[in-house]
Amino acid sequence: MKLYQSPKAPNPDRVVFFLRAKGKLDAVEMIDVSIMDQQHKTPEYREVSPYSQVPALVLDDGTAITESRAICTYLEGIFPEPNLMGTDPKEKALIEMWDRRIELMFFIQFAGWFRNSHPMMAPLEVPQSPEAAAKGEKAARSMAKRLDAHLATHEFVAADRFSIADITLYIAVGFARVMKWEPHKEFEHLGRWHAAMTERGFAKG
């Protein structure tokens with residue numbers, strides 16, 4: 001298998017961290033794609049990923065899978081241990097619920113803030129919108145507060161154990177640094193959780 005990824009970009013990192021948590025980084029060939037150099041928009045890459053999405057997983061039979069969550073679902077199926085997506089219907093639903101909340105209510109909101117206000121994103125987000133940036137910032141900060149309240153009574157994000165939901169939140173919190181925002185230093189319980197996730201070592205290269 002080949003994984004087209006862009007180091008330090010959040011969606012590719014979601015897949016790389018997932019593989020690392022599985023202990024399966026050596027199961028795929030990593031191919032770097034520079035988003036800032038717009039390599040994801042070249043005709044050659046569009047043969048792999050028609051919508052110019054990164055990451056993309058290409059299977060041995062030539063099938064290409066994009067969308068980081070879909071790639072992780074495939075990897076969960078072929079590398080079932082350690083389980084990161086739930087072992088029964090209840091766990092699967094709870095983990096997906098929190099993973100979706102983090103993705104839609106925190107990560108995507110933050111991405112809107114970043115894409116519409118950071119100078120480095122001006123060539124990719126045309127035109128940038130201050131109104132969209134302000135809306136995204138407000139929503140991301142609000143969700144960080146809600147996540148902190150949740151983690152006040154939970155060791156992990158979902159199902160009382162480590163899962164893909166923890167990986168998604170860890171990626172999102174780390175990505176926030178591009179806007180000089182460190183929510184894990186602003187919120188006590190989010191900070192405790194973040195330190196515990198860092199200690200696990202799943203995010204280390």
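Reader: Where does Asp99 lie?
Author: Asp99 lies in helix 4, which covers residues 89-115. Bear in mind that this is a predicted model.

Reader: Is Asp99 buried or exposed?
Author: Asp99 counts as buried, because its relative accessibility is 1% and the cut-off for buried is under 20%.

Reader: And which residues is Asp99 in contact with?
Author: Leaving aside neighbours within four places in sequence, Asp99 is in contact with Arg14, Arg69, Ile164, Ala165 and Thr168.

Reader: Back up a bit. What domains does the assignment give?
Author: Domain 1 runs over 2-78. Domain 2 runs over 89-200.

Reader: How many residues does the contact take from each?
Author: Domain 1 gives 13 residues and domain 2 gives 14.

Reader: How far apart are the C-alpha centres of the two domains?
Author: They lie 21 Å apart.

Reader: What area is buried between domain 1 and domain 2?
Author: About 1200 Å². Carbon and sulfur atoms give 72% of that area.

Reader: Which residues in domain 1 lose the most area to domain 2?
Author: Pro10, Arg14 and Arg69. Together they make up 45% of what the domain 1 side buries. Arg14 and Arg69 also came up among the contacts of Asp99.

Reader: How many salt bridges between the domains?
Author: The count is three. Arg14 forms a salt bridge with Glu103. Their closest N and O atoms are 2.8 Å apart.

Reader: What about residue pairs in polar contact? How many?
Author: Four between domain 1 and domain 2, with both residues at pLDDT 80 or more.

Reader: Which helices supply the side of domain 1 that touches domain 2?
Author: Helix 1 (10-22) and helix 3 (68-78) each supply at least two residues. The largest share comes from helix 1, with seven residues.

Reader: What is that side like by class?
Author: The side of domain 1 that touches domain 2 has seven nonpolar, two polar and four charged residues.

Reader: New topic. Where does His150 lie?
Author: His150 lies in helix 5, residues 130-151.

Reader: Why does His150 count as buried?
Author: His150 has 13% relative accessibility, and buried means under 20%.

Reader: What does the side chain of His150 reach?
Author: The backbone oxygen of Val157, at 2.7 Å.

Reader: Which residues does His150 touch?
Author: Not counting residues up to four places away in sequence, His150 touches Trp98, Phe156 and Val157.

Conventions:
Residues numbered from 1 in each chain as written. Predicted model: local features only at pLDDT ≥ 70, side-chain atom pairs only at ≥ 80, totals over all residues. Heavy atoms only, no water. Domains from an automatic or database assignment. Contact = heavy atoms within 4.5 Å. Buried area = accessible area lost by both parts, 1.4 Å probe. Salt bridge = Lys/Arg side-chain N within 4 Å of Asp/Glu carboxyl O. Polar contact = N/O pair within 3.5 Å; in protein donor to acceptor, adjacent residues only side chain to side chain. Helix = DSSP H or I, 4+ residues; strand = E, 2+ residues; numbered from the N terminus. Nonpolar A, V, L, I, M, F, W, Y, C, P; charged D, E, K, R; others polar. Buried < 20%, exposed > 50% of the residue type's maximum accessible area, 1.4 Å probe, protein only.
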